[in-house]
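Please keep the structure open beside you as you read.

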Amino acid sequence: MNIVSKPLCRLDLRRQGGPRRPKPFAGNDLGQNAQSGHTGLEYFNAIPYNRKLQAESWKKLKIGENMFSNANVKIQELAKHPDVQTFLENRRKIYSFDLISGHSCPFADKCLSKVIIVDGRRKIVDGRNTEYRCFSASQEALLTNVYNKRSNNFEALRQKTTDEMVTIISDIMPNNLGICRLHVAGDFFNRKYFRAWLQVAESNPDRLFYAYTKSLPYWVDSLGNIPDNMILTASYGGRCDRLIHQLNLRSATVVLSYERAEELGLEVDHDDSHAANPLTKHQDFALMIHGPQPAGSEASAATSELRRKGEKFSYSK
Ligand code: SF4
């Protein structure tokens with residue numbers, strides 16, 4: 001596990017009267033130094049979300065149009081798990097609700113990548129501290145429909161009040177939704193949005209909602225008020241990892257090998273069952289590195305090694 005001694009999140013820094021911009025993370029479970037970075041990568045450092053530029057690039061959908069997505073291959077596997085069957089009775093299904101990656105992830109750090117528009121074309125850029133590239137951002141660079149849908153979802157919600165977001169989400173939630181994975185792509189982008197999902201979960205106690213998040217300050221603000229059917233996992237690699245230790249939040253760690261998962265004493269989740277299962281919601285677990293990784297990075301070498309050994313790490317098939 002990470003043992004981090006310096007304040008990393010904006011909350012801590014504000015309390016101490018320090019600079020708003022956090023210091024870079026000093027190390028991680030992968031044994032890397034965040035400062036080593038990747039040579040030859042483009043950094044956006046602080047490219048803001050440019051609504052006009054981004055908006056010109058996607059086909060606008062009406063609010064409510066196709067905002068939820070069918071379960072991807074990995075999440076479909078979850079449907080076989082015995083502990084979640086109660087939520088899938090009466091032919092209910094699993095969906096996801098996704099936002100544009102990186103732009104909606106205020107606390108992402110080592111995973112941070114996002115698609116920007118350059119000369120009218122989508123282009124993926126990595127963050128200053130990126131050590132493993134965001135899988136969903138890679139999808140958005142490649143797949144126009146995926147990019148459009150996630151951008152539209154973000155645009156539909158990002159400047160709304162909590163009540164407005166609750167109304168939008170509730171109105172468009174499929175009737176046959178039994179389980180919803182929040183954010184195959186994206187994260188809780190502000191407090192209002194986080195609270196909107198808590199309210200949605202509270203109003204739908206017969207449905208299960210689960211999410212990985214690096215937006216830990218929003219979670220921490222609502223500790224004690226998380227509905228039983230909202231299962232959260234703190235995802236290492238964000239700017240507030242320190243809160244995981246401080247508050248003993250349930251966590252997931254991206255690892256580069258099965259050996260590393262074993263060293264850490266963590267089971268590897270292949271089907272989101274660790275992330276979603278209400279019965280094991282306090283149990284930490286590992287996720288195997290997956291998706292295209294920056295050339296020359298340790299993560300890229302790890303995926304090559306996993307492929308060479310024939311070990312499972314991709315969820316696309
Ligand atoms: S928080 Fe998730 S969606 Fe956002 S950049 Fe990191 S991996 Fe991608």
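The largest nonpolar core has 74 residues, and F209, Y210, A276 and I289 are the ones touching the most other members. A nonpolar core here is a set of buried Ala, Val, Leu, Ile, Met, Phe, Trp, Tyr and Cys residues joined through C-beta atoms within 7 Å. Buried means that 20 or more other C-beta atoms lie within 10 Å of a residue's own, exposed means 12 or fewer, and partly exposed is in between, with C-beta atoms placed from the backbone. Helix α7 (residues 191–203) gives the most to this core, namely 6 residues. Helices (H or I, at least four residues) and strands (E, at least two) are DSSP runs numbered from the N terminus.

Before going further, a word on the source: this is a predicted model, in which local features need pLDDT of at least 70 and side-chain atom pairs count only at pLDDT 80 or more, while totals for chains, interfaces and linings use all residues. Residues are numbered from 1 along each chain as its sequence is written.

Now follow α7 to a packing partner. Helix α6 (residues 162–172) packs with α7 at an angle of about 50°, and their axes are 8 Å apart. That makes α6 oblique to α7, a label for angles that are not under 35 degrees (roughly parallel), over 145 (roughly antiparallel) or 65 to 115 (roughly perpendicular). Axes are lines fitted to C-alpha atoms, for helices over the stretch in contact, and angles run from 0 to 180 degrees between N-to-C directions.

Next, look at the loop between α3 (73–78) and β2 (93–97), where N90 is placed. Most residues other than glycine have a negative phi. N90, however, is not a glycine and has a positive phi of about 55°. R91 lies in the loop between α3 and β2 too, and its phi is near 60°, again positive in a residue other than glycine. N90 is exposed, with 7 other C-beta atoms within 10 Å, and R91 is exposed with 7 as well.

L112 and C134 are 22 residues apart in sequence but 6.1 Å apart in space, C-alpha to C-alpha.

C134 leads us to the ligand: of the 14 residues around the ligand, S101, C105, A108, C111 and C134 come nearest. A residue is near a molecule if its C-beta atom, placed from the backbone, lies within 6 Å of it.
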